[in-house]
Amino acid sequence: MTVRVSTMAFGDRYCAVFHAPGRPDEFLVDEAGKPKKFATATEALRQGRKALAPHTQSGPIHAGADPFGIRAWRSQKDEALKAERERVFGTSGPASIERAGRTIVIERRRRR
């Protein structure tokens with residue numbers, strides 16, 4: 001299996017990211033399971049490639065880590081979107097939303 005190493009910027013810091021076909025992307029993580037951040041992209045690439053060396057492959061990649069909550073967000077986004085549409089547009093009677101401390105009533109009118 002071929003694994004590519006690239007970098008991802010987070011503000012002024014960089015993280016090493018591992019890309020493998022058919023698997024979700026993984027970050028180079030520290031002992032606490034948080035992505036390791038480096039000052040330069042070159043240093044992040046160097047450390048990522050070093051982590052793929054056969055003698056250190058078992059330790060630095062934490063496959064179950066979801067430090068930014070992306071997998072959880074993707075699994076819940078469809079239900080959250082459906083609930084928000086129901087809350088705002090509703091299916092019966094006027095719905096209302098709160099904006100800047102005011103209640104705005106949503107009216108539905110049928111057009112011909």
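**View 1. The whole chain and its surface.** The chain exposes about 8,900 Å², and carbon and sulfur atoms supply 52% of that area (Shrake-Rupley method, 1.4 Å probe; for residues, only the protein chains shown count as cover). This is a predicted model, in which local features need pLDDT of at least 70 and side-chain atom pairs count only at pLDDT 80 or more, while totals for chains, interfaces and linings use all residues. Residues are numbered from 1 along each chain as its sequence is written, and side-chain values use heavy atoms, leaving out hydrogens and water. Of the 112 residues in the chain, 21% count as buried (under 20% relative accessible area, 1.4 Å probe, protein chains only).

**View 2. The order of the elements.**

View 3. Look for F10, which stands opposite R13 in β2. Two residues lie between the strands of this hairpin, and G11 in the turn has a positive phi of about 70°.

**View 4. A closer look at E26.** You will find E26 in strand β3 (residues 26–27). E26 is buried, with a relative accessible area of 8%. Its side chain makes a polar contact with the side chain of R23 (2.9 Å); such a contact is a pair of N or O atoms within 3.5 Å, and within protein one must be able to donate a hydrogen and the other to accept it, with residues adjacent in sequence counting only if both atoms are side-chain atoms.

Technical notes. Helix = DSSP H or I, 4+ residues; strand = E, 2+ residues; numbered from the N terminus. Buried < 20%, exposed > 50% of the residue type's maximum accessible area, 1.4 Å probe, protein only. Pairing = 2+ DSSP bridges.
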